[in-house]
Amino acid sequence: MAFDIEMIAARYSKMEAAIAQARKIVGRPLTLTEKILYNHLWDGNPSKSFGRGADYVDFAPDRVAMQDATAQMALLQFMQAGRKKVAVPSTVHCDHLITAKEESGKDLGIAVTENKEVYDFLSSVSNKYGIGFWKPGAGIIHQVVLENYAFPGGMMIGTDSHTVNAGGLGMVAIGVGGADACDVMAGLPWELKWPKAIGVKLTGKLNGWTSAKDVILKVAGILTVKGGTGAIVEYFGPGAEALSCTGKGTICNMGAEIGATTSTFGYDASMERYLRSTNRSDVADLANKYKAHLTADPEVYADPAKYFDQVIEIDLDTLEPYVNGPFTPDLATPISKMKEEAAKNGWPLKVEVGLIGSCTNSSYEDISRAASLAKQVASKGLKTKAEFTITPGSELVRYTIQRDGFIDTFNQIGAKVFSNACGPCIGMWSRVGAEKKEKNTIVHSFNRNFQARQDGNPNTYAFVASPEITTALAIAGDLGFNPLTDTLTNEKGEQVKLDPPTGEELPMKGFAVEDAGYVAPAADGSGVQVIVDPSSTRLQLLAPFKPWEGTDLKGLKLLIKAKGKCTTDHISMAGPWLKFRGHLDNISNNLLIGATNFFNGKTNEVKNQITGNYEPVPQTQRAYKAQGIGSIVVGDENYGEGSSREHAAMEPRHLGVRAVLVKSFARIHETNLKKQGMLALTFANKDDYDKIQEDDSIDINGLTSFQEGKALTLVLNHKDGKKDEIQVNHTYNAQQIEWFKAGAALNLMKA
């Protein structure tokens, strides 16, 4: 039986009336996305048609999911909210703090010891406030959610950008910062700008070497890392129905890499099979009853151009495997062109490591298809040329693939099996030799490949591919190897060709597990004590941010003018810094250390306008804070893309940065800045970015009449005495302006 079946049944019972009313108000057939959104309005009553990309709307999500790295700050904020219990079903998943080094058992044991203080905090807070707790080793949040909580037609928010993975089971699942999660857990509405709609029509059927991963790798190449910003991507067509449920999850998971608010699929037979195989036949029975409401109206898919803002069509029959990268997940190269592109761009052809698994590609189907290739190493007399690792997505999957012999198959080719955790995908990989910073190539089936993300080495060229292609390239040890056409030389000197991968969508014997890792909270947590040691280096109780002083901001120093890609990894690195995710002051020592300074092309070296010296970014900002001087950060396009980590907004706020001015924002980061009482501003004229000088002192005027839709004015006071006055835009509505005035959204909640 599923978790929270009563909640799911209650949500479905409201669906027919809400959708009928919405259809009447909008005056046309509805997409699946619109049906789900209108069925989750905060007031429960569709009464107006909302403008795509224009109207802010309050929603009532069904549940909240948090991973351990972000849950710390989310729950530290929730503890200030004065609530006795979470208002909606919520869970915490311990998956980010486990370092991959040797093998799963040993690595997990070390993590449990090293992170005991954090795990104890998270488990006790969960127990006190009615939150389900998934122990270290239970699995990666998104895989566990898909196996246990996701349901067709539902709405979920999660404190991780890859929350969108649950779209594989027909949800609208959206990544947010901890402050948003705190609101929903406290029983308050959740605000989102009504999204634009992108439709992706899939025809044909996957075959041979091509997998679901190749669909999203191709889409990423089409839309780029910001092409989906402010939109929900809805997949449909006969090709969509031919995909497995977990394959759909893979596609939705990497929708975060195109900036999409989320992605989703209509309910179909593959979702029913997955629900029943994961012991949720009760959900499948309910979904079958409401099936007509769990997909778009027929007219939408018959003539999609009338209902979507953009339509993309992909023929799965002719789709070729892709390898995306390096350094960005949208640089898409068909496998047939990779050798040529690598030579042209100077990418190292030797593959040092192949890594499969992660929240994106660790399903039973993924592992079984990769194992079918691993078996060929012995049968064809080959030897794996690269290191090879597997990161199972959950204990349910790990136990089942061990029972079915896949782990033994991988062991026979010298593979390492890491813990059921994020590991190398999030930078928690203790890779031998990475500190040498040598130029090298790795290939993985993860979702992101930003510079230095996996191993901390900025010279690691990381490429994203399907588990099948990753396995083949690891066997060959050659980035230019095309398994569709090329042969390999085996140990006898013979030329052999790898057979296309094969595998099962779901285990024929069913899933099995001894201990999935779930701990239910106390029925009454009022007596549970949550203790945070004041001397802890890992955890720190939060102090409220100060409210706005009621004046325009004068004399702000330029902290950094960031050049080019500046993701949340650049603003607040993960890897070894994850240990400080519950201690705002300590983790603030990584503020913007990965961002490239426009004026000298270096990272973590900016001009301190007080001393005139070039110093690390956090040190410079702490010097400004010590003297009561505010500052401003300037950035390029799609600033803050990537992870949902609100630390990238809380750190500058904590250290005294007052505003972030960029050419454009990624959605989650802009919202996080607003929630923390920051000014998130964009250039009215993007060319004004070039007017920002290194020694500028900046005034922000117009705040005393700050209002929705009204631009602000910046005065750039240059060192030579000259001035430039520029206009800057914002997307604040009336409520968000109150967050700014109060110093943070949380301050209003407590008021």
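Here is a short tour, from the whole chain down to single residues.

This is a predicted model: local features need pLDDT of at least 70, side-chain atom pairs count only at pLDDT 80 or more, and totals for chains, interfaces and linings use all residues. Residues are numbered from 1 along each chain as its sequence is written, and side-chain values use heavy atoms, with hydrogens and water left out.

Start zoomed out. Along the principal axes, the C-alpha atoms fill a box of roughly 75 × 60 × 55 Å. Colour by secondary structure and you get 25 helices and 30 strands (DSSP runs: H or I of at least four residues for helices, E of at least two for strands, numbered from the N terminus). Of the 751 residues, 64% are buried, meaning under 20% relative accessible area with a 1.4 Å probe, protein chains only.

Next, select Leu75, Leu202, Tyr235 and Phe410. Within the largest nonpolar core, which has 180 residues, these four touch the most other members. (Such a core is a set of buried Ala, Val, Leu, Ile, Met, Phe, Trp, Tyr and Cys residues joined through side-chain atoms within 4.5 Å.) Helix α1, residues 5–26, gives the most to this core: 8 residues.

Zoom in on phenylalanine 410. Beyond its neighbours within four places in sequence, its contacts (heavy atoms within 4.5 Å) include Ile356, Phe388 and Ala415.

Now jump to Trp548, Tyr624, Leu679 and Leu714, which belong to a second, separate core of 48 residues.

Last stop: serine 697, in strand β28 (residues 697–701). Is serine 697 buried or exposed? Its relative accessibility is 16%, so it counts as buried. Leaving out residues up to four places away in sequence, serine 697 touches Gly555, Leu556, Lys557, Val715, Leu716 and Asn717.

Methods: Buried means under 20% relative accessible area, exposed over 50%, partly exposed in between (1.4 Å probe, protein chains only).
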